[in-house]
Amino acid sequence: MTYPEAIRYLYSLRWFGAKFGLANTFKLAALAGNPQNQLRFIHVAGTNGKGSTCAMLESIYRAAGLRVGLFTSPHLVAFGERIQVNRRVISERNIARLVAEMQSLLEEGWGMPDAIIPSSGPGREVEPRGPKDSHAAATEHPTFFEVVTVMALRYFAEQECDLVIWETGLGGRLDATNIVKPLASVITNIQYDHQKWLGETLASIASEKAGIIKTGVPVLTATDATEALHVIAETARRQEAPLTTLSPAEMDRPPLSTLQLPLPGQHQRMNAAVAVATVRALASQIPVSEDTIRAGLSHVHWAGRLQLVTRPTGQRLLLDGAHNVGGAGILAAAMKQYFPAAEPTLVLGILRDKDWPAMCDILAPLARRILLVPVPSERSATPQELAEACRRANPRAQVIECASLGEALEKTIEDGFVTIGGSLYLIGEAMELLHLSPAKANNERRLNEWGATAEPAENKIPASR
């Protein structure tokens, strides 16, 4: 299998949409030799800050001399960003090899040889053929994320990782990543997002995230919403899992009291506090000195989160994947803290399944000029929808509807300060257009649409018990 063929195969798995449950992942992992049993994990869930917290944990443990696997999603530009060892992205050669191996396992376990390989073009939807050519095939066959999860486990085991920093995809309780028993479970925070999947209240969302808590395994959280924290605490009590809750006061204690993080924003200081507390909680199993913690945090990198780019013309661009109401609030606070005198131009694109009216209410008042663009996703809100909301939120701003991000960048070429946000998918597109990341011939960004073909109502996580 070549690399382009591997990417096409992964695209074809989108036909199976998104669903929740662990049976498929356990079965596929067993066929793969249960590589998770050879590895140690820190499992990270939460609404916002998961990726940044994972990056901080990875950087600390790598500074301690460990061989560290990192599994995150979504990717910004290249699929391989999801699977890294010591921050080296998995090679195209290894992706092609592992995808071919996963295809063989799927044929063995689900009896679908040659079933879903598209004949041409990335992302072409191809229905299964053969003996399981039915709706049941679509509901029983592993999804893109389930396949990629086991693929990552096999790679990390091959690479003999000392530790894997393991981010959930969506939720936690029924997320494919939840087949592991970690050294520690981390829940960064609980805010409103993915309500169609996780429930309409903070308590129901917290119940799904708290599903990663395992018997006797320490759990750490910076959740400050009372109803959500109550659910996490009750779950930890039932599982006899030691619980550590972290408050903003942790940001004023060493090493954070004297450390300038490379990642800006008060929220990143809170994420760092969670990472530090996790490392200290595991000190008896993986000793890490305070100097090493400081060194790891001092060199952490995580693209697309309040990332400031200065172009050769002197124009400054702030890229931030503020993809929900909580993220929009963080971006707004950072703008006021770091750029109080700026009169920014805002380029905004948001997914329709987010609370985009509330996000417009938060972000539109920041700008004197607002350009609305479609997100490169089947779920994008239209520029027209966003424009109406932004005009209500900021009647004084000039609001422009654009057909693409490329058009918006052309229209802002003379603007001194531009903020691009509203979706990580949009940030990935911006990184390609701005040549901050090499473009991929197969448009691998669209692999993030692994769940777009499924109806949320048919796959909704059952109400928490």
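Author: Two strands pair if DSSP finds at least two bridges between them. The model here is predicted.

Reader: How many bridges join strand 11 to strand 14?

Author: Strand 11 covers residues 345-348. Strand 11 and strand 14 run parallel. Within this pairing, threonine 345 stands opposite valine 418 of strand 14. The number of bridges that join the two strands is four.

Reader: Which residue of strand 14 is the bridge partner of leucine 318?

Author: Strand 10 spans residues 316-320. It pairs with strand 14 in the parallel sense, over five bridges. The bridge partner of leucine 318 in strand 14 is threonine 419.

Reader: Is strand 14 largely enclosed or largely open?

Author: Take one side of strand 14: Phe417, Thr419 and Gly421 are buried. Five of the five residues are buried, so strand 14 is largely enclosed.

Reader: Which helices do the buried residues of helix 11 pack against?

Author: Helix 11 runs over residues 290-298, and its Thr292, Ile293, Gly296 and Leu297 are buried. They fall within an arc of 130° seen down the axis, so they line one face of the helix. An α-helix has 3.6 residues a turn, so residues three or four places apart point the same way. The buried residues pack against helix 3 and helix 10.

Reader: How are helix 2 and helix 4 oriented to each other?

Author: The axes of helix 2 (residues 23-31) and helix 4 (residues 92-110) come within 10 Å. Leu28 and Leu31 of helix 2 are among the contact residues, as are Met102 and Trp110 of helix 4. The axes cross at roughly 115°. The two helices are therefore roughly perpendicular.

Methods
Residues numbered from 1 in each chain as written. Predicted model: local features only at pLDDT ≥ 70, side-chain atom pairs only at ≥ 80, totals over all residues. Heavy atoms only, no water. Buried < 20%, exposed > 50% of the residue type's maximum accessible area, 1.4 Å probe, protein only. Arc of directions from axis to C-beta. Contact = heavy atoms within 4.5 Å. Axes fitted to C-alpha atoms, helices over the stretch in contact; angles between N-to-C directions. Parallel < 35°, antiparallel > 145°, perpendicular 65-115°, else oblique.
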